[in-house]
Amino acid sequence: LLREALRVLRAAYDLSGDIQKATFWYRNDPLPAFDYKTAERLVSEGRTDDVLRYIASLGAGAAG
């Protein structure tokens, strides 16, 4: 689970450029696209790849 969390945190950091923002987002921001679950919750449910695709879509300019 730690490896999966680090993958998501790295992707969020790459997008934001700020590890504190990335960590806060990972733990606290409810994601409307996922029934308002946090990225942390989704990773714990085994949905790391879904979160990574979501981050990639944000990086490509999709509204989140």
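Reader: Leaving aside neighbours within four places in sequence, which residues is Val51 in contact with, and what makes each of these pairs a contact?

Author: Once its neighbours within four places in sequence are set aside, Val51 touches Val8, Trp25, Ala39 and Leu42, in a model that is predicted. Each pair is called a contact because heavy atoms of the two residues lie within 4.5 Å.

Reader: Which residues touch the most other members of the largest nonpolar core, and which elements contribute to this core?

Author: The largest nonpolar core holds 17 residues, and those touching the most other members are Val8, Trp25, Tyr26, Leu31, Ala39, Val51 and Ile55. Two or more residues come from each of α1, α2, α3 and α4, with α1 giving the most, namely five. As a general background, nonpolar side chains tend to be buried together in soluble globular proteins.

Reader: Why are the buried residues of α1 said to line one face of the helix?

Author: The residues in question are Ala5, Val8, Leu9, Ala11 and Ala12, which are buried in α1. Viewed down the helix axis they fall within an arc of 160°, and therefore they line one face of α1. On the other side of α1 one finds Leu2, Arg3 and Arg10, which are exposed, whereas the buried residues of α1 pack against α2, α3 and α4.

Reader: Which residues of α4 are buried, and why are they placed on the same side?

Author: In α4, the buried residues are Thr48, Val51, Leu52, Tyr54 and Ile55. They cover an arc of only 155° around the axis, so they sit on the same side of α4. The elements they pack against are α1 (2-16), α2 (19-28) and α3 (39-44).

Reader: What span should helix α4 have, and what do its end C-alpha atoms show?

Author: Helix α4 comprises twelve residues, 48-59, which at 1.5 Å a residue should span 16 Å; the end C-alpha atoms are 17 Å apart, so the value agrees with the expectation. For α1, with 15 residues, the reach from the first C-alpha to the last is 21 Å, close to the expected 21 Å.

Reader: Why is Asp35 called exposed, and what is noted about its phi?

Author: The relative accessible area of Asp35 is 67%, and a residue counts as exposed over 50%, so Asp35 is called exposed. Asp35 also has a positive phi of about 55° although it is not a glycine, and its place is in the loop between α2 and α3. Most residues other than glycine have a negative phi.

Reader: What makes Tyr36 exposed, and where is Tyr36 found?

Author: Tyr36 has a relative accessible area of 57%, which is to be set against the cut-off of 50%, so Tyr36 too is exposed. Tyr36 is found in the loop between α2 and α3, with a positive phi near 65° in a residue other than glycine.

Reader: What radius of gyration would a compact globule of 64 residues have, and what does the chain have?

Author: A compact globule with 64 residues would have a radius of gyration near 11 Å, and the chain has 10 Å, so the value agrees with that of such a globule. The C-alpha atoms fill a box of roughly 25 × 20 × 20 Å along the principal axes. The chain has four helices and zero strands, and buried residues make up 30% of its 64 residues.

Note on methods:
Residues numbered from 1 in each chain as written. Predicted model: local features only at pLDDT ≥ 70, side-chain atom pairs only at ≥ 80, totals over all residues. Heavy atoms only, no water. Expected span 1.5 Å × (residues − 1). Buried < 20%, exposed > 50% of the residue type's maximum accessible area, 1.4 Å probe, protein only. Arc of directions from axis to C-beta. Core = buried A, V, L, I, M, F, W, Y, C linked by side-chain atoms within 4.5 Å. Rg over C-alpha atoms; globule rule 2.2 N^0.38 Å.
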